[in-house]
Amino acid sequence: MSQRYHVFSLPPDLLDALTPRNLITNRTLQREPSPPPVPAKEQASTSARSCNVCLGTAFADVDEQRSHFRSDWHRYNVKIRLKGGNPVSESIFAQLVEGLEDSLSGSASEDESAYESDAVDTLITRIKRNVLSDTPEEGTPKFPTSAVIWFHSPPATQIGIYRMLFPLETPSTAYLSELKQMQTPMEGGRKWAVFMVAGGHFAGAIVRVSRPAEEEVPVPASARKKPPKAKPETLIVKHKTFHRYTTRRKQGGSQSVNDNAKGAAISAGAMLRRYGEQALRDDIRGLLQDWAEDIHECERIWIRASASNRRIFLDYDDCVINKGDDRLRTFPFPTRRPTQSELSRCLLELTQVKISHFTEEDLRVQDEAFIASLPKPKPQPATVSTADVEKPKPQRLTKEEEIYREKWSRLLDMITKGRFDPLKSFWEREAESIGGVNVAIPEWTSDRRASLLQVAAQSGHEEIVRWLLYDLRADPTIPVSARWTKADDAGGESDTSDMPSSRRTAYDLARSRAVRDVLRRCAADHPDWWDWFGAARVPSGLSKEKEDERDDKRKQRRKGLKERMREREANEMLRSKVAEEASGVMTPEPLKTQLESHDGPQRLGGSSGAADGVMGLTAEMKAKVERERRARAAEARLALLRGQGRR
């Protein structure tokens, strides 16, 4: 088992031998360029059972090939290749996984199997999510930074410390000096404040993470005497946990977040959860007020809370912790439900130094594999100067143009909504200024219909169409604008909707039979006005005789339909009557004779013949008698039907 070190009590000999572990960032300019990747043709094996992604690895049988495709090594190479990186060998991938285990141990999940299954995703996410260097020089590659800072001690020892333990905005060259300064004991020891809140659970503690200067262990003068037992480095001074009902079970999210998203709910549970949130906020703030003196003495304040719960600690009147406090930190690893044991685990994770043992050669191979796995930088698009591009200035309309556009808007609105009387009075006043009934609709209206008659025909207003045709003699031969598409007329009832849009007219846009009949009547009444059956695309005229003939056919069709319905109803009534007579053939006479022959006393309420006939019989005999009765009734009905058929 490897030896464990506390971050505030590192051995002096180890501390003196440490150097910053920045081989990647400092050696990028001096390191020789890595050899170009082997082309896919050279990587591919001659065997049919091989993997071209994983450097042409060959397999003995199909089972071995299938197990390889399910391995983390193959998954990693596939994903990194999709992101523009180069695949790595199996030995280099194993080193990457070992390095990941050293830097993220104890922080991913509650069981090791989940960590092993997510090793590939963690490696890929680590490359994608980490922050790039602050001031990259042009032409130099960019390398991500991790949450852990590594130091190297020759020949083969590395220690890692979380970056959050150091002061903010510490340069990379000053981490080692800060680490040495952290070993200096302080009077009363270093104190941290740790708070967690989630799902109505709260856990908080004031922790001493280093021994006070007055409690340093003295070196014994004689070797015979045993040194006194050292006190633990981490000591919980104060702690508190409590829980309030703020989250609906198996739903997630607090009640306030749900209210902000969907509106306030009016249920008893919602009211209880709102009360729980208020009580939780008051309890936490009251606890912070009680611990105010200890919090002011703390060197770091760790808070794990969501964006809404974080406001419990900050930004309120007489708050103990200010929002811009330099001591504020968040946990650089995933945490679980806020409990006392979780606080202890997180403190151990923060204060315990991570240790690995790699030789310099292993580190160099690991660095090269990590650099090769990084995605290739995307080419920067050429920036276009926005100063040279002049934005089109909006066109300013004159007073006359504004009045003209307002008239057109009112005219189209009245035709579309079928306001006939206001339309007639408006046309009497503004016909000349509009330009006549056959004037083309202006393009600025974004209306793809070409004339007023087309607007009225498509809107389905029969009276307005008749007025435009007979009184104003609107032109029905004007074709629809070429900008019109078939999708714009979806849902229409026109019987010529499959014709080309360049030759569609007002008749094609009519969505009702009544409007089309108006056009056909006008064509029959005034055939010399327009080319009705050619350019206007009207199929035929509708004269008074044709209309009367069509109405007569419709009346005869309805009359025949009514007669068939009456005949069907009469047949159904006859069948039902026959069935009733057939079912009642056997029952009236026995019932009558039975009532007449019954001389003895009768029970109150009377009795039916069927009930008297089966009294005293068993259930099986009653069922048999009932079947015989039904059979006789069916035979009687059949006999009656045969007799009617012979007539």
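This report walks through some strands, helices, cores and cysteines of one protein model.

The model is predicted, so local features need pLDDT of at least 70 and side-chain atom pairs count only at pLDDT 80 or more, while totals for chains, interfaces and linings use all residues. Residues are numbered from 1 along each chain as its sequence is written, and side-chain values use heavy atoms, with hydrogens and water left out.

**A strand on the inside**

Let us start with strand β4, residues 148-153. Helices (H or I, at least four residues) and strands (E, at least two) are DSSP runs, numbered from the N terminus. Six of the six residues of β4 are buried, so the strand is largely enclosed by the rest of the structure. Here buried means under 20% relative accessible area, exposed means over 50%, and partly exposed lies in between (1.4 Å probe, protein chains only). You can check both faces of β4: V148, W150 and H152 are buried on one side, and I149, F151 and S153 on the other.

Which strands join β4? Two strands count as paired if DSSP finds at least two bridges between them. Strand β1 (residues 19-20) runs antiparallel to β4 and is joined to it by two bridges, with T19 opposite H152. Strand β5 (residues 157-162) is also antiparallel to β4, with six bridges; Y162 in β5 is the bridge partner of V148. A hairpin of three residues leads from β4 to β5.

**Two cores**

Nonpolar side chains tend to be buried together in soluble globular proteins. A nonpolar core here is a set of buried Ala, Val, Leu, Ile, Met, Phe, Trp, Tyr and Cys residues joined through side-chain atoms within 4.5 Å. The largest one has 36 residues, and F151 and L165 touch the most other members. Among the elements giving two or more residues to this core are β4, β5, α9 (175-182) and α14 (340-351). A second, separate core has 34 residues, including I441, V455, W467 and Y507.

**An open sheet and its helices**

Five strands make an open sheet with mixed pairing, in the order β8-β7-β6-β9-β10. Its edge strands, β8 (235-243) and β10 (328-329), each pair on one side only. Within the sheet, β6 and β9 (residues 300-304) run parallel and share five bridges, and M196 has R304 of β9 as its bridge partner. Helix α14 packs on this sheet, where α14 touches β6, β7, β8 and β9. Contact means heavy atoms within 4.5 Å. Helix α11 (residues 268-290) lies across β6, β7 and β8. The table gives two directions; axes are lines fitted to C-alpha atoms, for helices over the stretch in contact, and angles run from 0 to 180 degrees between N-to-C directions.

| Helix | Strand | Angle |
|---|---|---|
| α11 | β8 | about 165° |
| α14 | β6 | about 130° |

In helix α5 (residues 72-82), W73, H74, Y76, N77 and I80 are buried. They cover an arc of only 160° around the axis, which puts them on the same side of α5. The arc is that of the directions from the helix axis to the C-beta atoms. Just after α5, G84 has a positive phi of about 95°.

**Cysteines**

How many disulfides does the structure hold? There are zero, counting a disulfide as a pair of cysteine sulfur atoms within 2.5 Å. The closest cysteine sulfur to that of C51 is in C54, 3.8 Å away, which is too far for a bond. C51 is buried, at 3% relative accessible area, whereas C319 is partly exposed, at 22%.
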